[in-house]
Amino acid sequence: MKVTVDQEKCCGAGTCVLLAPDVFDQRDEDGIVVLLDETPPEELQDVVREAVSVCPGVAISVTG
């Protein structure tokens, strides 16, 4: 799995951080998503897919 984020689409909701804090973080100044791990381990992949599905800005995508 490879994760990508589009910071331009991010609305700063933070759901991804709540679901997968080892993969996502937020910038302090504006809450925009920061990708911490673009190739998360297998045990985090289901929760990353969940973060993709609930992202209100459709800012996260995965391949593989």
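**Reading charges, surface and core**

Modeller: Let us begin with Arg27, which counts as partly exposed because its relative accessible area is 29%. Please keep in mind that this is a predicted model.

Biologist: Where in the chain is the place of Arg27?

Modeller: Arg27 is found in the loop between strand 2 (24-26) and strand 3 (33-35). Its C-alpha atom is separated by 9.0 Å from that of Gly12, although the two are 15 residues apart along the chain.

Biologist: How many salt bridges does the count come to?

Modeller: One looks for a side-chain nitrogen of Lys or Arg within 4 Å of a carboxyl oxygen of Asp or Glu. By this rule there are two salt bridges. In one of them, the side chains of Arg27 and Glu29 meet at 3.6 Å, N to O. In another, the side chain of Arg27 meets that of Asp30 at 2.6 Å, N to O.

Biologist: Are Glu29 and Asp30 buried, partly exposed or exposed?

Modeller: The cut-off for exposed is over 50% relative accessible area, and buried means under 20%. Glu29 is therefore exposed, at 63% relative accessibility. Asp30 has a relative accessible area of 40%, so Asp30 is partly exposed.

Biologist: Which residues gather in a patch of negative charge?

Modeller: Asp and Glu count as negative. On the surface, Glu42, Glu43, Asp46 and Glu50 gather in such a patch. Asp46 belongs to helix 2 (residues 42-54), and Asp46 counts as exposed because its relative accessibility is 62%.

Biologist: What should I look for on the inside?

Modeller: In soluble globular proteins, nonpolar side chains tend to be buried together. Here, the largest nonpolar core has 17 residues. Those with the most contacts inside this core are Val3, Cys16, Ala20, Val23, Phe24, Val48 and Ile60. Helix 1 (15-19) and helix 2 each supply at least two residues of the core.

Biologist: Which element gives the largest share of this core?

Modeller: The largest share comes from helix 2, with four residues.

Biologist: How far apart are Gly64 and Lys2 in sequence and in space?

Modeller: Sequence separation and distance in space are read separately. Gly64 and Lys2 are 62 residues apart in sequence, while their C-alpha atoms are 6.4 Å apart in space. Gly64 is found in the segment after strand 4 (60-63). With a relative accessible area of 86%, Gly64 is exposed.

Note on methods: Residues numbered from 1 in each chain as written. Predicted model: local features only at pLDDT ≥ 70, side-chain atom pairs only at ≥ 80, totals over all residues. Heavy atoms only, no water. Patch = residues over 30% accessible without salt bridge, like charges linked within 9 Å, V, L, I, M, F, W, Y side chains within 5 Å. Areas by Shrake-Rupley, 256 points an atom, 1.4 Å probe, with all protein chains shown as cover. Charge placed at Lys NZ, Arg CZ, Asp CG, Glu CD. Buried < 20%, exposed > 50% of the residue type's maximum accessible area, 1.4 Å probe, protein only. Core = buried A, V, L, I, M, F, W, Y, C linked by side-chain atoms within 4.5 Å.
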